[in-house]
Amino acid sequence: MIRTGILLKLAFRNLLLHKKRSFFVMAILTIGCTGILLIGGFFQGVLTTLREQFIHGITGHLMVAKDGYYEHGVANPSRYLFPNSQNLGLERNRHVTVTIPRLQFGGLLITDRKVVSVNLIGVDPDREALMSQYGGSRRVETLKIVAGEDLKAGDAEGLLMGESLAKIMKVGVGDELSMIATTASGSVDGANFRVRGLFRSPVREFDNQFAKLNLAAAQKVTASGDSVTSVLVMLDETEATAGAKTALGTRLKPAGFEVLDWEERGDFYRNGRDLLTQIDIVVRLIFATLILFSIASSVNMTFFERIREFGTMMALGNTRSFIFLLITAETFLLGAMGVSVGLGVGALASLAVSRLDVMMPALPGATSGYEARIVVSAGLLIKVAVLGWAAAVASSLIVSMRARGLRIVQALGYV
């Protein structure tokens with residue numbers, strides 16, 4: 001029976017004996033694992049930034065609304081109204097930091113030159129301001145005011161428009177326009193508003209279609225009393241979304257409410273995530289293939305140099321299985337050392353790159369670029385370690401099988 005300790009000890013001595021080969025294989029693994037870690041961390045950073053911009057700029061972590069609102073509320077929002085004063089008990093969840101009431105409805109914005117159908121959102125400006133920032137000590141505004149100023153509480157005539165929508169309507173800050181909307185009772189009402197500012201959100205489609213006004217003004221023009229169509233819920237951390245959704249959904253479902261998370265409402269994010277994930281997988285496979293064949297080539301060359309050594313070992317009584325396991329153990333140890341060094345170098349490089357404040361161009365469908373950040377998580381480190389180590393061990397199997405098939409006489413006489 002082969003003792004693992006003795007096998008690993010012999011394998012380690014052989015690595016020291018063949019220093020150049022060992023260094024070459026470790027260099028391959030270090031470069032490969034560093035590359036995979038940096039690329040994977042970059043994609044993870046892009047997705048994290050995209051996710052947080054989408055949450056804090058548009059959707060919130062959760063949305064609470066009457067059951068069926070998300071599927072059918074756009075066509076007839078008045079059917080899904082509920083009192084803003086209704087106590088839903090959202091704040092009782094320990095992860096909830098702020099709740100944001102909204103009244104969303106469709107309407108027409110009219111100037112002397114244009115009539116445009118838009119989506120209008122009645123908001124509480126003070127609570128919206130709490131929603132639209134994230135980043136800890138480095139605050140990042142996700143809904144940027146690019147002209148004029150933000151809405152102020154109590155401004156009954158103020159309107160905040162998407163930058164692209166303003167271009168479509170050919171209006172600017174200070175211009176007056178009229179609004180026509182359908183009331184909760186089915187009649188038509190209207191009011192005059194003045195553009196206070198223009199915003200830029202993370203998603204171009206939102207800028208093209210949406211405008212914001214004070215919640216009280218929206219309730220007045222739609223004759224909906226103190227009702228709203230939804231309440232957005234912000235959490236202390238995005239990772240708590242699933243748990244909070246389950247807890248709130250279980251409690252609110254009997255009362256006729258639905259709870260949707262940001263990912264269910266985020267077509268733009270899901271499309272971007274799927275694209276970047278596919279690219280990441282392809283890049284990882286390319287790196288893994290390069291590692292596998294580079295190490296296999298090195299081990300194969302060493303195999304021919306060591307044929308007489310293997311023949312001598314078999315002549316002294318070592319079995320073919322022992323030779324097979326010895327070569328595999330050598331590559332196993334090299335893989336473990338090379339992967340460890342690669343992860344360390346990759347982690348240090350990720351910190352250095354993240355401090356450079358490199359700005360990347362906007363993704364398709366987005367309105368602005370984003371800061372290049374490399375996010376290295378424990379899950380990513382484990383994936384890279386497993387991938388690098390598996391590629392190293394797999395590369396030795398072909399050579400190990402060839403060594404196992406050697407005949408003693410042929411091996412001893414090999415020149």
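Reader: Leaving aside its neighbours within four places in sequence, which residues is Leu-326 in contact with?

Author: Good place to start! In this predicted model, Leu-326 is in contact with Leu-7, Leu-10, Ala-11, Asn-14 and Met-313. Leu-326 itself lies in helix H11, residues 320-354.

Reader: How far apart are Leu-326 and Phe-12 in sequence and in space?

Author: They are 314 residues apart in sequence, and their C-alpha atoms are 9.8 Å apart in space.

Reader: Why is Leu-326 called buried?

Author: Buried means under 20% relative accessible area. Leu-326 has 1% relative accessibility, so it counts as buried.

Reader: And Val-115, is it buried or exposed?

Author: The cut-off for exposed is over 50%. Val-115 is at 55%, so it counts as exposed. Val-115 sits in strand E4, residues 115-123. Together with Leu-108, Ile-180 and Val-188, it forms a nonpolar surface patch with about 330 Å² of accessible area.

Reader: Which way do the residues of E14 point?

Author: Phe-257, Val-259 and Asp-261 point one way, while Glu-258 and Leu-260 point the other way. In a regular strand, side chains alternate between the two faces of the sheet.

Reader: How do you know that E1 and E14 pair?

Author: Pairing needs at least two bridges. Strand E1, residues 62-66, is joined to E14 by 5 bridges, and the two run antiparallel. One of the bridge partners is Glu-258 in E14, paired with Ala-65.

How values were computed: Residues numbered from 1 in each chain as written. Predicted model: local features only at pLDDT ≥ 70, side-chain atom pairs only at ≥ 80, totals over all residues. Heavy atoms only, no water. Patch = residues over 30% accessible without salt bridge, like charges linked within 9 Å, V, L, I, M, F, W, Y side chains within 5 Å. Areas by Shrake-Rupley, 256 points an atom, 1.4 Å probe, with all protein chains shown as cover. Salt bridge = Lys/Arg side-chain N within 4 Å of Asp/Glu carboxyl O. Helix = DSSP H or I, 4+ residues; strand = E, 2+ residues; numbered from the N terminus. Buried < 20%, exposed > 50% of the residue type's maximum accessible area, 1.4 Å probe, protein only. Contact = heavy atoms within 4.5 Å.
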